[in-house]
Amino acid sequence: MKNQPIFVQSKRKYLFLADQKGLTILNPIIEQAIINNDSFEVVFLGKQKEFLHTDIAHWLSQQKMGTYLYVCLPWKELHPIKLKIEEVGFSEEEYQWFGHGDKSKNVFCCRCHEITEVANGEVEINCQYCHLLLEVSDHYSALRHAYLGYVAKL
Amino acid sequence: MTYIDNLEQFPYPFKGNMYRYSNNSIPLDVPKSVDITSNYEEEIKLKRQLLRDHPKRCFQSLSHTLKAQWEILALVMNHLVNYYPDKFSLTKTNTLWTFRNLILNETQQFIYGDESTLLQQPLDFIGRHVQEDLILMSERDGNLYLDAGQLCFPANWSLAFDLGMSFREIHYPIPGFKEEKLDDRILNFLLRLEAGNPWGRNNWSLMAGNRLDTSLETFDDWGKGRKQVTAENAGDLVHLRVEVQTLFRLSRSNGILFTIHTHLLPLRKLAEKRAWLEQFYHILQELPPYIVDYKGLSLFKDVVIDYLKVQLEKEDAS
Ligand code: HEM
Ligand SMILES: [Zn+2]
């Protein structure tokens, strides 16, 4: 990741995928595309997230070669979207991504199915609801917006 | 849980003295999604108890799956009456269907396609009449998604967590799957699956205990068995767990029905077959650490190998 979004010239089309805060960060790039009269599309990610990831996969898979993508989202939502983007076939050279806000994530308790929010980088946590000691994995569910927490100790 | 007494009926899964992950699917000889064994009544009772006590753990569906669920119900009912005509019957008067389960002495009438005429969703209903777990994979944009399932006997995974995931996402935890592009290869194979040409495969693991309901949700409980295996109890405590899986393309919704029938065999029984004993001993000894670890065998594999070795030597001596 770069610290600042960088405009990559002469692409067939530019895509921007961001939430409110992300759009302000990407704004200089969007303005550049407007000045150049380049074709572009902005997808705004609001609060409503059901099926979102499938829709994004669909949207991205419809794009032609030579399309360039900018993504700017809260850290918590970035990793799963990157998985989708790469699953659809975008390579490192075809997109730039930026995170903002706190580096936290949701953990899905394997025993009670409740979600506990934790700081990024935590390896073992207690489920907030059933108090089971969980090992945080990188197995991610887009529908639950969470990483799976496995039983940490038998 | 009781096990199959008749060793000939056990779906012993191994070929050769080595095991690796691969696409081990083969076309089915008999295009049959379900199998009725001597444990039928006991397992159906357990299934229904689990569904009653833990509905979210055992059944999940997304709202757009009802059409495909009806298709699964029809497919499974057809198999039941065609392959077990003395145990099941189905009569259709226009859209009014009458399904009879003669083993359990149950009759259900319903209007095909009308959910309000069944107490459960179609997949949840038909799953209560078969020993298999039933999973619906929907196809969209060249990918497969787990959009509905009835799962009472999972091998340590969570349906509630996996709901809505793509085929690759589901298999993400398996070591080497992505690196060796197995996920892509198997997905491409599944996308080419055609209606009328079902495939099947086996998966296996070792269980310390004889529970069928080894859900991820209860792992903190049943997983403890792994610490209790000794040379003395291994023959009775440790079971070879085999999943017989089938894959059927659904012709109308274009989804895939994935069925899982779980069988358990205690090692003491396995050891009665010299060829199996020898082969399984070699396979376990040779099994690479990443598979041992993923299958959850690290805590008791060595004890099991010792047990199998002693059985082999006993037979050599006699
Ligand atoms: C299409 C429906 C399928 C579904 C819903 C499915 C689901 C799963 C799930 C949930 C797991 C456990 C993952 C975890 O640890 O969380 C798994 C494991 C696995 N699956 Fe699949 N699977 C499907 C088809 C296949 C096919 C067709 C193959 C191979 C040809 C395959 C090969 C494997 C293997 C090798 C494992 C690891 C098993 C072990 O080591 O015990 N799967 N699958
Ligand atoms: Zn919990």
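These legends describe close-up views of a predicted model.

Local features need pLDDT of at least 70, side-chain atom pairs count only at pLDDT 80 or more, and totals for chains, interfaces and linings use all residues. Residues are numbered from 1 along each chain as its sequence is written, chains are lettered from A and ligands numbered from 1 in the order in which they are written, and side-chain values use heavy atoms, with hydrogens and water left out.

**View 1. The two domains of chain A.** Domain 1 spans 13-100 and domain 2 spans 104-151; these bounds come from an automatic or database domain assignment. Their centres, taken over C-alpha atoms, are 27 Å apart. Five residues of domain 1 and eight residues of domain 2 make the contact (heavy atoms within 4.5 Å). About 750 Å² is buried between the two domains, with carbon and sulfur atoms giving 60%. Buried area is the accessible area (1.4 Å probe) that two parts lose on being put together, summed over both.

**View 2. The salt bridge between the domains.** One salt bridge is counted between domain 1 and domain 2 of chain A (a side-chain nitrogen of Lys or Arg within 4 Å of a carboxyl oxygen of Asp or Glu). A:Lys76 pairs with A:Glu117 in a salt bridge, with 3.7 Å between the closest N and O atoms. Helix H3 (residues 75-88) gives the largest share of the domain 1 side, three residues. Helices (H or I, at least four residues) and strands (E, at least two) are DSSP runs, numbered from the N terminus.

View 3. A:Thr67 lies in strand S3 (residues 67-74) of chain A. Its relative accessibility is 4%, so A:Thr67 counts as buried (under 20% relative accessible area, 1.4 Å probe, protein chains only). Not counting residues up to four places away in sequence, A:Thr67 touches A:Arg12, A:Lys13, A:Leu15, A:Phe90 and A:Glu94. A polar atom of the A:Thr67 side chain lies 2.6 Å from the backbone oxygen of A:Lys64.

**View 4. Chain A against chain B.** Here 22 residues of chain A contact 29 residues of chain B. The buried area is about 2,300 Å², of which carbon and sulfur atoms give 61%. A:Glu87, A:His139 and A:Leu154 supply 30% of the area that chain A buries against chain B, more than any other three residues.

View 5. A:Glu87 forms a salt bridge with B:Arg168, the closest N and O atoms being 2.9 Å apart. Three salt bridges are found across the interface of chain A and chain B.

Technical notes
Buried means under 20% relative accessible area, exposed over 50%, partly exposed in between (1.4 Å probe, protein chains only). A polar contact is a pair of N or O atoms within 3.5 Å; within protein, one must be able to donate a hydrogen and the other to accept it, and residues adjacent in sequence count only if both atoms are side-chain atoms.
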